[in-house]
Amino acid sequence: EDIDVFEGESATFKCRISPAEYTNVQWFLDKTPLHTNELNEIQSRQGGYHELTLKQLTVKDSGVVTFEAGDKKSSVNLFVKALPAGFKEELKDTECTEGETAALCCELSKPDTAVEWRKEDKLLHPSSKHEMRQKGAVAELLIHQLQQEDAGSYTCCTRDQKTAATLTVNALPVLFKRGLRNEE
């Protein structure tokens, strides 16, 4: 029976042979012979039972698992599915002053995951106003030359998940160049 698992999980395969004492047996992933190591655990048990556990699976481990005993073989398909990217570090509410540059930053669970940025529900595109950066698992949106209308809710979206934060833009303080004077 085919097995579906997510990356990072383990998968266990069991087979029973007769005669139970038969020892000319081998497990394969695709056509590669498997041996016990830190990622593969192979056990032979009483009664002709044989067991293979594949640990910390990756998408590349998808393939055909085969157990051979002499000239007899039994095979199943192993499908390792990618985990959806999540957020290790969410966006945080940010407060800046007009004229400054705001930086909204989040960290994903997988490096180089495609993201898109939105303000309210409007998709943002790279421009002199909005600069999008991504290095490894860190995604960052820079909003240059802040104005009052830049305030609002910003969202970083992957295919499956999203994180949002509010940007508050404070007005520049009013400064008097010259105080009040009596002109009489």
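These exercises work through ring contacts and strand pairing in a predicted model.

Residues are numbered from 1 along each chain as its sequence is written. In this predicted model, local features need pLDDT of at least 70 and side-chain atom pairs count only at pLDDT 80 or more, while totals for chains, interfaces and linings use all residues; side-chain values use heavy atoms, with hydrogens and water left out.

**Exercise 1.** Describe the aromatic pair of W27 and F67.

*Solution.* 
- Start with the rule: rings of Phe, Tyr and Trp (its six-membered ring) pair if their centres lie within 6.5 Å; planes under 30 degrees apart count as stacked, over 60 as edge-to-face and the rest as tilted.
- The structure holds one such pair. W27 and F67 are 4.7 Å apart, centre to centre, with 55 degrees between the planes, so the pair is tilted.
- W27 lies in strand β3 (residues 25–29) and F67 in strand β7 (residues 63–69), 40 residues apart. Strands are DSSP runs (E, at least two residues), numbered from the N terminus.
- Both W27 and F67 are buried (under 20% relative accessible area, 1.4 Å probe, protein chains only).

**Exercise 2.** Find the partners of strand β6 (residues 49–54) and state how covered β6 is.

*Solution.* 
- Two strands pair if DSSP finds at least two bridges between them.
- Strand β2 (residues 11–16) pairs with β6 in the antiparallel sense, over six bridges. There, A11 has L54 as its bridge partner.
- Strand β5 (residues 40–45) also pairs antiparallel with β6, over six bridges.
- β5 and β6 form a hairpin with three residues between them. G47 in the turn has a positive phi of about 85 degrees.
- Finally, five of the six residues of β6 are buried.

Note on methods. Helix = DSSP H or I, 4+ residues; strand = E, 2+ residues; numbered from the N terminus. Buried < 20%, exposed > 50% of the residue type's maximum accessible area, 1.4 Å probe, protein only.
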